[in-house]
Amino acid sequence: MLSASQSVGEGASTIHSLIHKIKNDKTVQSELDLDPLIIIDEASMIDMSLICNLLRSLEGRSFRLLLVGDTAQLPPIGFGLFYHKLVNSNAPQTKLTQVHGQADGSSLHGAAMAIRSKNTHVLPEYNGQTEGIYLLDSGDNARESVVKLRSDINCMILTPYSAGRYFTSTESLNPVIQNIVNEQEDSKLKLTMGKTSIQIGDPVIVTKNVLNLGLFNGMTGVVTEIEIQGSQIACTVLFEGMRSQVTLNRDQSWELGLQLAYAITIHKSQGSEYDNCAIILGSPMIENSALYTAITRTKKLCILVGTQEMYDEAVRRQPRYETVACGFSPEFRFKGRENREEVGS
C-alpha cells in the first residue's frame, strides 16, 4: 500500500496530527500564514467532531480546503455525516471518472460499479486464480475456510467483527493465523499484552491515537525486532509511510492498542489498498457500503468467503450512510466554480 506521502512525493499527516501541529509547531504555523491549500483524502471517513476540531484550529486564518472522497464508502464511525452531506450541497465539485486502484474494465472494477449501483451479479468460483474477483463457497465453515486460504496465499483478511465472541472476528482469527503462518519457538522473545502475543515478522495495527508518539488509529506496520529494553520487552515496528522504525515498550504498545493485523475490520481497512484480499460474508453488518469499501481495497485478487446468496443480500442491503442521523445541513452558498466532471489524474 502506498501512503499519502509516497503517492504525492510530499509530507503528509493525519488530521489529528495536523491539528496538533497547528497548535504546537511554529513551522506549520508559519506555513499557514501563506494561504495554504489543505488536501484531505478519504474525506468520507470524517465525522462531525473531527471536522469541527480542524476548522476550529484554523479559525481566523486564510486557507483553501480540498476534500477527496467517495460517498459510496462506509460513513464515519463517529457521530454524523459531513462529506456525504457536503457532496449533495452546492459546494463546487469535480467528479473523477478514471480508475487507478483497479484496472478500468477489470472484473474487480466491474463488480465495484455493480455494487455501487446495487445490482447483483454471479461471481465465478475461486480455484487458485491470481487476479480478479471470485467466490469461495464456505458453507457454514467460514472461519475454517479463511484460515486455510490465508495459509495458502498472502492476503489481507477483512471481516466486519472485532469482538472475540464472533468466530470470524479479528480477535479470534489473528492468533490462529499467526500460529500457522508465523509460528516461532517458545524460547523466542515475544511482547505479550493480555491475549495478544506479538513476534518478529507479525503485521500489526495501531487502534488508538497517541499524539506524543506520532502514531494514530489505523496505521499498520511489520515487527522487525523484539528485545529487552530496560526492565521491559519492546518491539520495533516499521510503519508504512514512515522513513524510520519505531521502538515501543510494552506500556507504549498498550497505550496504542497495538494489535495483530493478519485480519482487520473493514472499517480499519478504509483508506488502504492491498494486492490480495479475502472478505468474510454472512453478517448483516456487511451492507452495500461495507461490501463496496472492502472490494475497492483490493488491487489484484479479491476472494469473497461465503455463498452467492450472502453476496446478493449484502449488495441489496441499504447502505449505512442512508440511515445515519445527522445534524449537519450545508445550506449556504459556496464561492467558486460550478460543479463539473473531469478525468482523474
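Is Lys118 buried, partly exposed or exposed, and at what relative accessibility? I looked this up before anything else. Lys118 counts as partly exposed because its relative accessibility is 37%. I use buried for under 20% relative accessible area, exposed for over 50%, and partly exposed for what lies in between (1.4 Å probe, protein chains only).

**Ground rules**

I am working on a predicted model, in which local features need pLDDT of at least 70 and side-chain atom pairs count only at pLDDT 80 or more, while totals for chains, interfaces and linings use all residues. Residues are numbered from 1 along each chain as its sequence is written, and side-chain values use heavy atoms, with hydrogens and water left out.

I placed Lys118 in the loop between helix 6 (107-116) and strand 4 (132-137). For elements I take DSSP runs numbered from the N terminus: helices are H or I with at least four residues, strands are E with at least two. Lys118 is not a glycine, yet I find a positive phi of about 65° there.

I then checked the side chain. Lys118 meets Glu322 in a salt bridge at 3.1 Å, N to O. The two ends come from distant parts of the chain, 204 residues apart, with Glu322 in the loop between helix 12 (308-316) and strand 16 (340-342). Glu322 is partly exposed, as its relative accessible area is 41%. My criterion for a salt bridge is a side-chain nitrogen of Lys or Arg within 4 Å of a carboxyl oxygen of Asp or Glu.

I looked up Asp35 next. Its place is in the loop between helix 3 (26-31) and strand 1. Phi of Asp35 is near 50°, again a positive value in a residue other than glycine.

Asp35 also has a salt bridge, to Arg64, at 3.9 Å from N to O. This pair joins distant parts of the chain, 29 residues apart, and Arg64 sits in strand 2 (residues 64-67). I noted Asp35 as partly exposed because its relative accessibility is 33%. Arg64, at 45%, counts as partly exposed.

**Entry: a salt bridge within one helix**

I count seven salt bridges in the structure. One more that I looked up is Asp152 with Lys148, whose closest N and O atoms are 3.2 Å apart. Asp152 and Lys148 are four residues apart in helix 7 (residues 142-152), so about one helical turn separates them. Both Asp152 and Lys148 are exposed.

I followed the strand pairing here, with two strands counted as paired if DSSP finds at least two bridges between them. Strand 8 (residues 203-205) and strand 9 (residues 220-229) run antiparallel and are joined by three bridges. In this pairing Val204 has Gly221 of strand 9 as its bridge partner.

Strand 9 is also joined to strand 10 (residues 232-239), antiparallel, by eight bridges. Val223 has Val237 in strand 10 as its bridge partner. I looked at the turn as well: strands 9 and 10 form a hairpin with two residues between them, and Gly230 in that turn has a positive phi of about 70°.

**Entry: a nonpolar patch**

Which residues make the nonpolar surface patch of about 330 Å²? I list Leu37, Ile39, Leu66 and Val68. Patch residues have over 30% relative accessible area and no salt bridge; like charges are joined within 9 Å, and nonpolar side chains (Val, Leu, Ile, Met, Phe, Trp, Tyr) within 5 Å. Accessible areas come from the Shrake-Rupley method with a 1.4 Å probe, and for residues only the protein chains shown count as cover.

I placed Ile39 in strand 1 (residues 37-40). Ile39 is exposed, as its relative accessible area is 54%.

**Entry: Ile15**

I found Ile15 in helix 2 (residues 15-24). Ile15 counts as buried because its relative accessible area is 17%. From Ile15 to Ile51 I have 36 residues in sequence and 8.8 Å in space, C-alpha to C-alpha.
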